[in-house]
Amino acid sequence: MTDKELLKKLKKDKSSGLSAVIDLYSGLLYKVAGAIILPVGTKEDVEECVSDSFLAFYNAIDGFDIEKSSIKTYLALITRRKAIDLYRSLKGKSQKEQDFTYESLATYNDFTPDLDRKTSVLPAVKSLGEPDSTIIIRKYIFGETAAEISASLGLSEGAVQKRIERSCEKLRKNLGGVLNG
């Protein structure tokens with residue numbers, strides 16, 4: 001089903017249209033939310049985030065412009081923003097910071113081929129070693145600043161910034177075109 005057909009179905013009957021959107025994109029949204037939330041949250045937190053994302057999409061559907069974005073991209077962005085907000089909230093409430101595991105980033109197996117291609121980056125990031133892999137994950141998946149990363153890892157902000165630059169250069173060389181897509 002194309003985005004135009006989905007949008008038409010949503011405008012004709014929001015309930016059945018939303019059901020079709022959920023069927024098509026729930027795997028993607030679980031993957032996006034899980035990658036961000038699971039290091040500090042639970043699967044229930046991920047489910048709540050995904051539900052909130054579909055609700056936000058449902059409420060904003062009248063203002064959605066098919067010419068500016070695809071439904072898939074729009075949903076993924078909503079979910080990513082909600083997941084980052086929830087991650088920050090959960091991290092702030094936590095008595096002690098939980099270490100993330102690389103396996104937690106790949107908990108959900110039901111995802112789109114596009115996201116599958118992007119998850120091929122994870123082994124390359126893991127191969128950077130510590131603390132570089134942790135720094136890259138925190139910077140680009142969790143959206144933490146160099147100052148936040150440096151405070152939690154006990155490194156200077158300049159050292160964190162330099163490690164980010166060097167790690168990104170290594171990843172570009174090792175992955176070639178994967179990072180450009």
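**Exercise 1.** How are H8 and H9 oriented to each other: roughly parallel or roughly perpendicular?

*Solution.* This is a predicted model, in which local features need pLDDT of at least 70, side-chain atom pairs count only at pLDDT 80 or more, and totals for chains, interfaces and linings use all residues. Residues are numbered from 1 along each chain as its sequence is written, and side-chain values use heavy atoms, without hydrogens and water.

Step 1. Find the helices, which are DSSP runs (H or I, at least four residues) numbered from the N terminus. H8 covers residues 146-153 and H9 covers residues 157-175.

Step 2. Take the axes, lines fitted to C-alpha atoms over the stretch in contact, with angles from 0 to 180 degrees between N-to-C directions. The two axes come within 8 Å and cross at roughly 110 degrees.

Step 3. Angles under 35 degrees count as roughly parallel, over 145 as roughly antiparallel, 65 to 115 as roughly perpendicular and the rest as oblique. H8 and H9 are therefore roughly perpendicular to each other.

**Exercise 2.** Describe the position of Ile22.

*Solution.* Step 1. Ile22 belongs to helix H2, residues 14-37.

Step 2. Buried means under 20% relative accessible area, exposed over 50%, and partly exposed in between (1.4 Å probe, protein chains only). Ile22 has a relative accessible area of 31%, so this residue is partly exposed.

Step 3. Ile22 and Phe54 are 32 residues apart in sequence, while their C-alpha atoms are 7.5 Å apart in space.

**Exercise 3.** Which residues does Phe57 touch, leaving out residues up to four places away in sequence?

*Solution.* Contact means heavy atoms within 4.5 Å. Phe57 touches Leu10, Leu18, Val21, Ile71, Tyr74, Leu75 and Ile78.

Technical notes:
Helices (H or I, at least four residues) and strands (E, at least two) are DSSP runs, numbered from the N terminus.
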